[in-house]
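Dear colleague,

Please find the structure below, handed over for your review. A short account of the findings comes after it.

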Amino acid sequence: MIDLYYWPTPNGHKLTLFLEESGLPYRLVPVDIGKGEQFKPAFLAISPNNRMPALVDHTPTDGGAPISVFESGAILLYLAQKTEQFIPQDVRASTEVTEWLFWQVGGLGPMAGQNHHFSRYAPEKIPYAIERYVKETNRLYGVLNKRLADREFIAGAYSIADMASYPWVVPHEAQGQNLADFPHLRRWFEAIKSRPATVRAYELAKNFDTNPVMTEERRKILFGQSSASLEPK
Ligand SMILES: N[C@@H](CCC(=O)N[C@@H](CS)C(=O)NCC(=O)O)C(=O)O
């Protein structure tokens, strides 16, 4: 059994996409990041960066004690290696998957995340910051669009590289992007959207309050963090 510490955000969706595709039995453990549950000592013990997702595998392949993993890219890689699914076994093809996985966790995720922050959540609209991240998201969409011009998925067959990127393209409108400008990306996006496992993964998200009012308290928890936030209350 696998415990997925989860909240229905793009980084959370990456893992429900994998788990729904793979058929591995799993349980969702909600981490309401708007209420500050990411700072609970028990959660920090498995995810010291106070971010979800995190995962605990109670039946690792070596038969030993449970293994915990934090960082969505590391979790995807862990699950792909555990199941030998969604990553090719030969060195050349698997290297392409990891290149694009790291491209997502180091590029598309953080840039689109800042885009969301300055376009949607920042208390003052700062045109320089909004333009910087909308344009950088646009550039990254362009990189992905080019990559997909002559292949169905990012790196061969459907893989953890696609599962990492797809949830960050779902909010394309909020990111100021028009998929009509990226025809190959749009074709890829529609193909993943219609996969039964994707539909199930996004259905699960509906069991959570995905659009809570951004109260002052939530704002402080999410956007007022410093090293002091990690100290026990
Ligand atoms: N690099 C991390 C980023 C995860 C992340 O940013 N998670 C957000 C939700 S999408 C979170 O847990 N936020 C809680 C907080 O900001 O305290 C990963 O890929 O897992």
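Predicted model: local features only at pLDDT ≥ 70, side-chain atom pairs only at ≥ 80, totals over all residues.

In one of them, aspartate 57 pairs with lysine 82, with the closest N and O atoms 2.8 Å apart. This pair joins distant parts of the chain, since aspartate 57 belongs to strand β3 (residues 54-57) and lysine 82 to helix α3 (residues 72-83), 25 residues apart. Both aspartate 57 and lysine 82 are buried.

A further salt bridge brings together the side chains of arginine 147 and glutamate 96, at 2.7 Å from N to O. Because arginine 147 lies in helix α5 (residues 127-147) and glutamate 96 in helix α4, this pair ties together parts that are 51 residues apart in sequence. Arginine 147 has a relative accessible area of 15% and is therefore buried, whereas glutamate 96, at 31%, is partly exposed.

Arginine 151 and aspartate 150 also meet through their side chains in a salt bridge, at 3.3 Å from N to O. Here arginine 151 is partly exposed, with a relative accessible area of 28%, and aspartate 150 is exposed at 60%.

Leaving aside residues up to four places away in sequence, asparagine 115 touches Arg120, Tyr133, Val134, Thr137, Ala174, Gln175 and Gln177.

With kind regards

Key:
Residues numbered from 1 in each chain as written. Heavy atoms only, no water. Contact = heavy atoms within 4.5 Å. Salt bridge = Lys/Arg side-chain N within 4 Å of Asp/Glu carboxyl O. Helix = DSSP H or I, 4+ residues; strand = E, 2+ residues; numbered from the N terminus. Buried < 20%, exposed > 50% of the residue type's maximum accessible area, 1.4 Å probe, protein only.
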